[in-house]
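Dear colleague,

Please find below the structure that I promised to hand over to you.

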Amino acid sequence: MISVIAGRVTEAGGRVRTLSTVRRVAASGIDPDDRPVAELELEVEDADEHALIAALDGLPGVLALRLTRPLGKVFGKRVIVVGGGAQVAQVALGAVSEADRHNLRGERISVDTIPLVGEDAIAAAVRAVADLPRARLLVLAGSIMGGEISRAAEELRAVGIPIIALNMVGSITKHVDLVVSDPVQAGTMAVMAVADTATFDLARQRGRRY
């Protein structure tokens, strides 16, 4: 079914950016004609809304269609914070406070956090950022990182997503764009780096430590 939907989107001149299952509803078991259903959220680029609805309307298995605002206009650019819980919380404090200032001026910046422990878990999360829709920057917050995390960081930077790291023990500080000692300031600078309403240029700060 998903391949059919994607094909119809392509025929309408669009490109599927994300497709996710919002919720599933099991069959009631009361009516023999009841079937399990799923609500899908489809984010499409480069397609006319009317052409898209016409392409999907009446498709076998599609019960209803509803247009929503693009997620980019709702949640906007995403700053991802990964690492130890205490440090992640402090980075988030700075990032959310700074995002509030810019969002009041018309920006849309959201902050996603996940506290993790262990080299393998953090390295996997770093690599996964490349697949997150609208992820614009990663902040690594912890007290010691290196090894596989450093390799994952280089892979992420290679696809164009910059990384800010706290000043910590380990090799990670040699494999990121910017190193900041104060976690609150790191969060603030992360948001400034992705905001169009800020004058902070991460490219000009690359390789520095604060």
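**What was found**

At 30% relative accessibility, E39 counts as partly exposed, a class that lies between buried (under 20% relative accessible area) and exposed (over 50%), as judged with a 1.4 Å probe and the protein chains only. Please keep in mind that this is a predicted model, in which local features need pLDDT of at least 70 and side-chain atom pairs count only at pLDDT 80 or more, while totals for chains, interfaces and linings use all residues. Residues are numbered from 1 along each chain as its sequence is written, and side-chain values use heavy atoms, with hydrogens and water left out.

E39 forms a salt bridge with R66, with 3.9 Å between the closest N and O atoms; the term stands for a side-chain nitrogen of Lys or Arg within 4 Å of a carboxyl oxygen of Asp or Glu. E39 lies in strand β2 and R66 in the loop between α2 (49-56) and α3 (71-74), so the pair ties together parts that are 27 residues apart in sequence. R66 is exposed, with a relative accessible area of 64%. Helices (H or I, at least four residues) and strands (E, at least two) are DSSP runs, numbered from the N terminus, and the chain has 8 helices and 7 strands.

Strand β2 (residues 37-45) also holds L40, which is partly exposed at 36% relative accessibility. Leaving aside residues up to four places away in sequence, L40 touches I5, L19, S20, T21 and V22, where a contact means heavy atoms within 4.5 Å. The C-alpha atoms of L40 and V22 are separated by 5.6 Å, although the two residues are 18 apart along the chain.

As for the chain as a whole, the domain assignment, which is automatic or comes from a database, gives domain 1 (1-68) and domain 2 (72-205). The C-alpha centres of these two domains lie 33 Å apart. Of the 210 residues of the chain, 38% count as buried.

Helix α4 (residues 85-103) has 19 residues and reaches 26 Å from its first C-alpha to its last, close to the expected 27 Å, a span worked out as 1.5 Å times one less than the number of residues. Which residues of α4 are buried? They are V88, V91, A92, G94, A95, E98, A99 and H102, and what covers them includes the strands β3 (77-83), β4 (109-115), β5 (135-141) and β6 (163-166), together with helix α7 (183-194).

The search of the whole structure finds 14 salt bridges, and two of them deserve a look in helix α6 (residues 148-158). The side chains of E148 and R151 meet at 2.9 Å, N to O, and these residues, being 3 apart in the helix, are separated by about one helical turn. R157 and E154 meet in a salt bridge at 3.6 Å, N to O, and they too are 3 residues apart in α6, or about one helical turn. Salt bridges that share partners join R127, E148, R151 and E155 into one network.

Finally, R134 is found in the loop between α5 (119-128) and β5, and its phi is near 65°, a positive value in a residue other than glycine. Most residues other than glycine have a negative phi. R134 is buried, with a relative accessible area of 14%.

With kind regards
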